[in-house]
Amino acid sequence: MIEHTLSLCYHNKLILAPMVRVGTLPMRLLALDYGADIVYCEELIDLKMLQCKRVVNEVLSTVDFVAPDDRVVFRTCEREQNRVVFQMGTSDAERALAVARLVENDVAGIDVNMGCPKEYSTKGGMGAALLSDPDKIEKILSTLVKGTRRPVTCKIRILPSLEDTLSLVKRIERTGIAAVAVHGRKREERPQHPVSCEAIKAIAETLSIPVIANGGSHDHIQKYLDIEDFRQATAASSVMVARAAMWNPSIFLKEGLRPLEEVMQKYIRYAVQYENHYTNTKYCLCQMLREQLESPQGRLLHAAQSSQEICEAFGLGAFYEDVTRELNARRAELLARTPEAVGEPAEDPSGVIKMAVKFDRRAYSPQITPKMCLLEWCRKEKLAQPVYDTVQRPLDRFFCSVVTVAEQKYQSTLWDKSKKLAEQAAAIVCLRSRGLPEGRLGEESPSWHKRKREATDQDPGGPRNQEQAVPGELCKKLFVALGSGEESPLEGW
């Protein structure tokens, strides 16, 4: 058995629950700011994690686990290292151990999701599907306890009968795990069903390891003092908060809830500083706004299509520009120290037409991109379609693309955060060099206008038209489940 080198205490703690699409680095840091003692990341699937490469991001001072498609699956930093618990979705002991060993040097604990009833978690025998296979539960947890240097926990739901639930948790305790989190609802129950404080209390009185009570946001927890009331009602060692923390992370603050505008601005600042993808940032902000999605603020958020636009919607445009300049300067400094890591395009740059351009989505018609314009022009001229050669430099994982059209190469000298943006920039260079329309607002060619009119005539009630007619509808869909008493798609706990 491997000796645990870090012992995370689960007694008398306030804990941010694992929540899909919510428990990313900005939310975890914000929860810590407001008083959370431990923060769980969102559930991450073992097979996805095993494809990742661990990368030290010197620009952001983070450790990133990056998928083959260059998407950051898990990002963490030194500030949370001793308080972040990595939750995985798994149905296989050996895969679970491989993931634990991959991340154990960067996290404080390892948790196995055994409670989420949603399909994205239960398919493949993960999540709440494990509750019907105690043998597999025992094997996974025992393997992790013996094979990793970090404390191991699991998160479960209660079974149909209290007797079966107590039998299961006793078996779980014997594996040697450090604590067990219990959502006080059955697998088929949702937030509109009352949480069973009595079941959690029976578990807490039966086990000698810490029991973490979860599931109180709907009925019990609306403010900080309610957290302690819920802990006492369940006799639990600690309390894990999900939706109440998602709606306002300052729920952990002893002094009481902070104004939502302040909380959202702090969240956005972390999101920008750690280059959180804007779609994830937008999603979390929509969860916080809830019934205010039709407010002027909500409409601005709904319309935002980048981190910069989100910042501008909340009066943080200057902050975004300052942070961007700082990060770019840091990249330049690091590149100057390690010129061999620049990773310029592999092809001979002689003869390549270059311009310093970037693709700004706001400057283009919603239906048109430079790549589409370039492809359309090549087809019209009966030329081979454009060929994009894109490289990524190791230091900051930024991209640069060279497009070849009619045996001529074109490239932007500015590196971009994504492969798609780099390719759009290369297309812009080609189009501008040839004096061709690139799809900018007010600049579309007649063929594009014709295509848009035809699409509108054929489908006047199409998704885009509906979205424009009801600006807040997209974000509002996130809360249909909550408003109807059904479970949030992000949580499932």
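Which residues does E423 touch, not counting residues up to four places away in sequence? I looked this up first. I am working with a predicted model. E423 touches K371, Y388, T390 and S401.

**Entry 1: around E423**

I placed E423 in helix α16, which covers residues 419–433. I then checked the side chain of E423 for polar partners. It makes a polar contact with the side chain of K371, at 2.7 Å.

**Entry 2: strand β15 and its partners**

I moved on to strand β15, residues 399–405. Six of its seven residues are buried, so the rest of the structure largely encloses β15. Which strands pair with β15? I found β14, residues 387–392, which pairs with β15 in the antiparallel sense over six bridges. I also found β16, residues 408–412, which pairs with β15 in the antiparallel sense over four bridges.

I looked up one bridge on each side. Q392 has F399 in β15 as its bridge partner. V402 stands opposite Q411 in β16.

Then I looked at the turns. The hairpin of β14 and β15 has six residues between the strands. There, R397 takes a positive phi near 65 degrees. The hairpin of β15 and β16 has two residues between the strands. In that turn, A406 has a positive phi of about 50 degrees.

**Entry 3: an open sheet**

I traced an open sheet of three strands, in the order β4-β5-β6, with antiparallel pairing.

I followed β5, residues 62–66, along β6: they pair in the antiparallel sense over five bridges. T62 stands opposite C77 in β6. I also found helix α1, residues 25–33, lying across β5 and β6. Helix α1 runs at about 30 degrees to β6.

**Entry 4: two helices**

At what angle do α7 and α8 pack? I read about 65 degrees, with the axes 7 Å apart. Helix α7 spans residues 197–206, and helix α8 spans residues 224–234. From α7, I listed C197, I200, K201 and A204; they meet F230, A233 and T234 in α8. I sorted the residues of this contact into five nonpolar, one polar and one charged.

How values were computed:
Residues are numbered from 1 along each chain as its sequence is written. This is a predicted model: local features need pLDDT of at least 70, side-chain atom pairs count only at pLDDT 80 or more; totals for chains, interfaces and linings use all residues. Side-chain values use heavy atoms; hydrogens and water are left out. A polar contact is a pair of N or O atoms within 3.5 Å; within protein, one must be able to donate a hydrogen and the other to accept it, and residues adjacent in sequence count only if both atoms are side-chain atoms. Contact means heavy atoms within 4.5 Å. Two strands pair if DSSP finds at least two bridges between them. Axes are lines fitted to C-alpha atoms, for helices over the stretch in contact, and angles run from 0 to 180 degrees between N-to-C directions. Ala, Val, Leu, Ile, Met, Phe, Trp, Tyr, Cys and Pro count as nonpolar, Asp, Glu, Lys and Arg as charged, and the others, Gly among them, as polar. Buried means under 20% relative accessible area, exposed over 50%, partly exposed in between (1.4 Å probe, protein chains only).
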